[in-house]
Amino acid sequence: MKTTLLCLFLCLAKVSFSQEFLNLDFEYEIRGTEIPKKWYIETPGYIAKMDETEKYRSERSLMMTSNSPAENQFAIFTGNFPVTLAKGRSIEFTGHVKTESVTNGYAGLWWSVDGEAGVLGFDNMEKEGLTGTNDWQEVSIRINVDKNATDVTFGGLLTGLGTAWFDDFDIRIDGKRFEDLPPRVTAPTMEELEWLQNNVYPLSTYDPANKSDKDLEIMDSLIGDTHVVGLGEVTHGSSEIFQMKHRIIRFLAEKKNFGIFSMEANMPEAYRLNDYIISGKKNPTELIKDLGFWTWSTREVLNMVEWMKLYNTSKKQIQFTGFDMQFYDLSIKELEKKFKNHPTALDDLIAIKQLLDKTSNQHRNSRLGAISQEDKDTVYGKLSRVREAIKKLKITRDRMAWLHQNVRIIEQYMDKTIFSRDKFMAENLMWIRSQNPGSKIVVWAHNAHIQKTMHGMGNFLPDSLAKDYVSVGFAFARGTYTAMGSQGLTEYQSEEPYNGTFERFFEAIDTPFFIIDLRSVKTQKPTFGKWLLEKLDFRQAGAMKLEREFYETDLSEDYDLIIFIRDSSGSEILD
C-alpha cells in the first residue's frame with residue numbers, strides 16, 4: 001500500500017475525540033448498526049462489522065474482510081486520541097490482531113500525528129504487518145508525539161486480500177495506561193432531572209403570533225450586547241423550530257435592534273427577496289421558491305417574510321440577506337446586467353456560464369467538485385478580466401462592492417466542498433457585516449453550520465467576531481419532520497431518543513419548551529449537570545430522512561445556548 005494514499009485519506013478522516021471513552025475493545029456499537037462507536041470506518045472493496053464469534057478477550061472484535069477491492073483500495077478504521085494528553089509525550093499503542101489468508105498486503109495498526117504544517121509523525125506497520133494466517137498476536141507501535149501536534153489519529157488497517165480481526169487495544173502515555181471509560185447509557189437520575197428542571201428557562205410557546213414576549217425577556221440577558229446570533233435547526237423540516245426561530249427573530253428585531261436577517265440561502269437570490277420586504281416588489285412565494293431549496297419553500301418561512309414586510313412599514317427596518325454559494329446563475333445575470341454595453345466582459349460572462357452549465361445538471365443539482373481544474377482555470381482567467389472591467393464602471397461604491405461579491409460567489413461555487421462551504425459562508429457573512437457596519441445580524445442555518453467547532457461556519461468566524469457571536473442550537477425529542485426520503489418529499493417519523501442521548505434528558509422534565517445556557521454550565525460544572533459537558537448522542541438530521549439520526553456530540557463546545565421543543569411536526573411545503 002502506498003503510504004501517501006493513507007496520509008491523504010487521514011486528512012479527510014478526522015473524527016471528534018473523547019478524553020474518557022474511546023471504545024478500545026469495540027464493545028459498544030452505533031445504535032442499529034454493526035459498527036463500533038467512536039470509530040470512523042472506510043472500507044471500499046471490503047466488509048467491516050463487529051464479530052461476536054472471533055474475539056481475543058472481550059465480547060466482540062472488529063472484523064474486516066476483502067470483497068473484491070480494486071487496486072490501491074484498502075480498509076481502515078480511525079479513532080481520534082485527545083491531543084492534549086499526547087503531545088510532547090511518548091505513546092505506545094498495542095492491540096491484538098488475527099488474520100486469515102491475507103495476501104498481497106497486510107493487517108496492522110497505525111498512528112498519525114499532524115500539525116499545522118502537515119504530518120509530524122506516522123507509522124502504519126508497513127514492514128511489520130501480519131500476512132497469511134495467524135492466531136491472535138499482540139502488535140504494537142511506539143511513537144513520540146511532537147509538542148506542536150494539533151491532531152492525533154490511530155486505528156487499524158487491512159490491505160490486499162483476506163480477513164483480519166482487531167481487539168483489545170491498549171494505549172500507554174509515558175508508560176502510564178490510558179483509562180478507557182464506558183459511555184453513558186443509563187437513564188437520567190432523579191437528581192439530574194431535578195437539577196435540569198431548576199436550571200432551564202421555560203418558554204410559553206413557539207407560536208410567533210403570541211402577543212406576549214415576557215418569557216423571551218431572558219434572551220435580553222443571555223444575548224447581552226452580542227451583534228451576531230446564530231439560530232440553528234436540528235433538521236431542515238420542523239415546523240415548530242421554524243416558528244420558534246421566527247418568534248425569536250421578531251423579539252431580536254423589536255427589542256434588541258437586530259436589523260439584518262441572514263439565511264442559509266444563496267446570496268443574490270436572498271437579496272431579491274429583500275426587495276420584496278422593503279418595497280413589495282414581485283411575488284413572495286415565487287421569490288422564496290427561487291431560493292433553490294425546498295427546505296425554505298414553506299408556509300413557516302413565508303409567514304416570517306410577510307411579517308418582515310409589515311415590520312418594515314414601521315420606523316425600524318430589517319433586511320433579508322443570504323450567505324450561501326450553491327448556485328451561480330443569478331450572480332452571472334447580476335453581472336450581465338451591468339455589461340450589456342461592454343462586449344468583451346459580456347462575452348466572458350456568457351462563456352463562464354457555458355462552462356459551468358456543462359457540469360451542473362440543469363443548473364440546480366450541481367455536484368460538489370464536478371468542475372475540472374482546466375475549466376476552473378479558464379473561468380478564473382475570465383473572472384479576472386470581469387473584475388478589472390468592474391473597476392472601470394462609473395457606479396457607486398456599494399454597487400461596485402455588490403458586483404465584486406457576485407464574482408466571488410462564482411469563485412466560491414467552483415471551489416466549494418463539504419469542508420470549504422462553511423468557510424465561504426463565514427466569509428460571506430463577514431461581507432454582509434462589512435456592508436452594514438454597526439448592524440446586528442441574526443443568522444438562520446442548520447445546527448451544523450452555526451456550531452462553533454469542527455467544520456461549522458461558526459468555527460471560521462474571525463477572532464474579531466468570535467466573542468461577539470452567540471450560537472443557539474435547537475433540539476426536539478419526538479414527532480415528525482419534513483424531509484426527502486424513500487417516499488419522496490413528505491413528513492417522516494423521527495427516531496425516538498434513547499438513554500445516552502441529550503434529548504432523553506431534555507424530554508424527561510415537565511417543561512415542553514425551554515432554553516438552557518451551556519456557558520453557565522461550563523462555568524459552574526455542577527455535579528448533577530455534568531452530563532451536559534460530556535459527549536452524548538444528539539439528533540443531527542438535515543434535508544434527508546436518515547435511518548440513523550443520533551450522533552455523538554460535544555454539545556457544550558458546539559453551542560452557547562440550546563432551545564428545546566419536545567414535539568415536532570413537519571414544515572408545510574408551499575404549493
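Modeller: What follows looks at the aromatic pairs and then turns to a pair of helices.

This is a predicted model, in which local features need pLDDT of at least 70 and side-chain atom pairs count only at pLDDT 80 or more, while totals for chains, interfaces and linings use all residues. Residues are numbered from 1 along each chain as its sequence is written, and side-chain values use heavy atoms, with hydrogens and water left out.

A pair of aromatic rings is described by the distance of the centres and the angle of the planes. Rings of Phe, Tyr and Trp (for Trp, its six-membered ring) pair if their centres lie within 6.5 Å, and planes under 30 degrees apart count as stacked, over 60 as edge-to-face and the rest as tilted. On that basis, a search of the whole structure finds 38 aromatic pairs. In one of them, W39 and F77 have ring centres 5.3 Å apart and planes at 80°, so the pair is edge-to-face. This pair links distant parts of the chain, 38 residues apart, since W39 lies in the loop between helix 1 (3-12) and strand 1 (40-42), whereas F77 belongs to strand 4 (residues 74-81). Helices (H or I, at least four residues) and strands (E, at least two) are DSSP runs, numbered from the N terminus. W39 is buried at 5% relative accessibility, and F77 is buried at 0%, where buried means under 20% relative accessible area, exposed over 50% and partly exposed in between (1.4 Å probe, protein chains only).

Another pair is F476 with Y481, whose ring centres are 6.3 Å apart and whose planes stand at 55°, so this pair is tilted; both F476 and Y481 are buried. W39 and F77 also belong to one aromatic cluster, whose members include F26, F81, F93 and W111.

Turning to the helices, helix 9 (residues 329-338) and helix 10 (residues 343-358) pack at an angle of about 165°, with their axes 9 Å apart. Axes are lines fitted to C-alpha atoms, for helices over the stretch in contact, and angles run from 0 to 180 degrees between N-to-C directions. Helix 9 and helix 10 are therefore roughly antiparallel, a term for angles over 145 degrees. Their contact (heavy atoms within 4.5 Å) is made by residues including I332 and L335 of helix 9 and L346 and L349 of helix 10.

How values were computed: Parallel < 35°, antiparallel > 145°, perpendicular 65-115°, else oblique.
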